[in-house]
Amino acid sequence: MASGNADAPPLEVVVVTYSSCENAERELRQMIDVARERPAARWHFIDNSGNDAARLLEWAYGLVNVRVTELPNPGFAGACNVAAEVSDARWLLFLNPDVEVTADDLDLVLGHAGSNEDRTLAISMVTNGVRHAGVAMRHKVWFVDAVVGSSDRVIGPSGGAGLFPRKLFIEQGGFYEPLFAWGEDADLAWRLHRQGYECAVLDLGLPHQGGHSIAGSKASTQFKVQTLYRNRLIVARRNLRNAQFVAFACAYAVALPLLLPKNAKRASGGASVRGFLDGLRACASTRRLP
């Protein structure tokens, strides 16, 4: 919970890295430049790989509003939760390390936050030419990046560019850590949506590389596919009623062979099947949230 410290910053920006200094150096240096230009906001970089901390500390040398923490990879979800627990800021802004952000963008985020601490904020990014903001649920069960200007209804922020009142984030238990990565933001968005919390959209169109941490790595791509296919089942199990979940799992099983050609092109056909089976096993001990 917030400490009530009069010197606490209004906003803490949380950036979780994983060998990101190699493929996202430009974006990370730009973030540190923003920290230098806007000292009122605090930045917390969490290195989940052990490969980024030294360079981040070098680039941010002398900046008292930048913290760098090295963790033994608790996953994106776990790292974000650690940052939230040690923060005393009113608002938490989660950003992917390969997102371009300027000082003016940060000003707009702060201005949009205001004093309403019962609302979250999804910030739009542009990834591979697609402008998207936050999380949407298609057919009420399939989480996707909500495309700006489409019929997608934003139900909550993404972990790549999303603003949360810290108090609300902590009260909700943060991101569900067993998900590790890919889908933890959808799970929290779905939980908040079911409880009636609103999510606004700030259409900044932040340029986003996308996939920088798995670029060029077959093993990393397979890990992402396997984890995502598993997590879709876990997220659905936590948020759907029993009959709804059974229907979803059956439909997902039917769709799995149709998705194999797409995954086979990235050498991940087997990973998608393994992820689905992992998800079924995990769901046996997963219960729906109230």
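How are α8 and α9 oriented to each other, roughly parallel or roughly antiparallel? This is a predicted model, where local features need pLDDT of at least 70 and side-chain atom pairs count only at pLDDT 80 or more, while totals for chains, interfaces and linings use all residues. Residues are numbered from 1 along each chain as its sequence is written, and side-chain values use heavy atoms, without hydrogens or water.

Start with the two helices. Two packed helices are described by the angle between their axes and the distance between the axes. Helix α8 spans residues 218–239 and helix α9 spans residues 242–264. They pack at about 165°, with axes 10 Å apart. The two are therefore roughly antiparallel (an angle over 145 degrees).

Next, see which residues meet. From α8, the contact (heavy atoms within 4.5 Å) takes in V225, Y229, R232, L233, A236 and R237. From α9 come N242, F245, F248, A249, Y252, L256, L259 and N263. Ten of these contact residues are nonpolar, two are polar and two are charged. Here Ala, Val, Leu, Ile, Met, Phe, Trp, Tyr, Cys and Pro count as nonpolar, Asp, Glu, Lys and Arg as charged, and the others, Gly among them, as polar.

Now turn to S124. This residue lies in strand β5, residues 119–127. S124 counts as buried because its relative accessibility is 0% (buried means under 20% relative accessible area, with a 1.4 Å probe and protein chains only). Leaving aside neighbours within four places in sequence, S124 touches R131, H132, A133, V148, L202, D203, L204, G205 and L206. Its side chain reaches the backbone nitrogen of G205 at 2.6 Å. R138 is 14 residues from S124 along the chain, and their C-alpha atoms are separated by 18 Å.

Note on methods
Axes are lines fitted to C-alpha atoms, for helices over the stretch in contact, and angles run from 0 to 180 degrees between N-to-C directions. Helices (H or I, at least four residues) and strands (E, at least two) are DSSP runs, numbered from the N terminus. Angles under 35 degrees count as roughly parallel, over 145 as roughly antiparallel, 65 to 115 as roughly perpendicular and the rest as oblique. Buried means under 20% relative accessible area, exposed over 50%, partly exposed in between (1.4 Å probe, protein chains only). A polar contact is a pair of N or O atoms within 3.5 Å; within protein, one must be able to donate a hydrogen and the other to accept it, and residues adjacent in sequence count only if both atoms are side-chain atoms.
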